[in-house]
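Thanks for coming. I have one model to show today, and I will keep it brief.

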Amino acid sequence: MKSFIPIGTKVSPETYARLQSIMQARGLTLYDFLQGCCSVIVSYMDEGKNLSADLNRMMQLFEGMKNWQTAFHHTGIDTAKIGEAFYVLTTDRKKGGQIVHVSAPAGDMFRQETYNKQVILERFIELLLPDLYRRMRLLGVQLGTNSVLETLLTLVDENIQDPDEQTIREEFESNDWVHNAKEGKARSVSQTAQHRYKQTRTPTLF
């Protein structure tokens with residue numbers, strides 16, 4: 001059984017009354033609220049790493065405050081146990097790694113493993129950032145996508161241009177194929193395209 005350390009502060013009667021009113025409107029107690037605040041701070045600012053500009057976005061986490069009463073907070077549960085896990089598989093013979101998701105504790109008869117990246121990403125974001133996950137699912141409905149991964153890929157494709165793809169496009173656009181065919185010769189990639197290709201091309205790691 002863990003021993004817990006109580007923390008607290010003092011506020012004015014007016015502030016206390018406002019807090020109680022806010023908590024009641026959301027079905028929370030001040031105890032639930034303070035535990036939720038502690039959990040957020042530890043989760044986002046542990047190891048002395050401030051979020052700089054992202055710190056402002058942290059306030060968005062309070063949109064999910066209505067669920068704090070029933071949500072699991074690692075700051076106040078003494079019976080916590082590993083219910084599922086994400087493992088990174090590595091080897092000295094190859095670079096990088098592969099992730100496997102285990103859906104139940106060791107020895108559980110319903111324990112399952114999956115290497116499906118779409119399933120793993122979906123579950124990871126759902127657990128780590130539930131409010132963000134909910135909003136990404138709503139965004140997926142608007143974009144007509146079927147998963148968080150598909151939503152992310154759609155956003156990337158719409159906002160970032162692949163330099164290799166651009167170079168290939170320039171190669172085709174810079175050639176007068178009809179004229180070159182009549183002359184019996186093929187025009188090479190332009191010097192500009194070649195230079196850009198050398199600058200942006202990065203080696204593929206296997």
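Predicted model: local features only at pLDDT ≥ 70, side-chain atom pairs only at ≥ 80, totals over all residues.

Residues are numbered from 1 along each chain as its sequence is written, and side-chain values use heavy atoms, with hydrogens and water left out.

Helices (H or I, at least four residues) and strands (E, at least two) are DSSP runs, numbered from the N terminus. The sheet is open, with three strands in the order 1-2-3 and antiparallel pairing; a pair needs at least two DSSP bridges. Strand 1 (85-89) and strand 3 are the edges, each with a single partner strand, so one side of each has no neighbour in the sheet. Strand 1 is joined to strand 2 (residues 98-102) by five bridges, and L89 has Q98 as its bridge partner.

L89 also belongs to a nonpolar surface patch of about 330 Å², made with Y87 and Y115. Patch residues have over 30% relative accessible area and no salt bridge, and nonpolar side chains are joined within 5 Å. Y115 sits in the loop between strand 3 (113-114) and helix 4.

Now helix 5. Helix 5 (residues 130-143) has 14 residues and spans 20 Å from first C-alpha to last, close to the 20 Å expected at 1.5 Å a residue. Its buried residues (under 20% relative accessible area, 1.4 Å probe, protein chains only) are D131, Y133, M136 and G140. Just after helix 5, G144 has a positive phi of about 75°.

How values were computed:
Expected span 1.5 Å × (residues − 1). Buried < 20%, exposed > 50% of the residue type's maximum accessible area, 1.4 Å probe, protein only. Patch = residues over 30% accessible without salt bridge, like charges linked within 9 Å, V, L, I, M, F, W, Y side chains within 5 Å. Areas by Shrake-Rupley, 256 points an atom, 1.4 Å probe, with all protein chains shown as cover. Salt bridge = Lys/Arg side-chain N within 4 Å of Asp/Glu carboxyl O.
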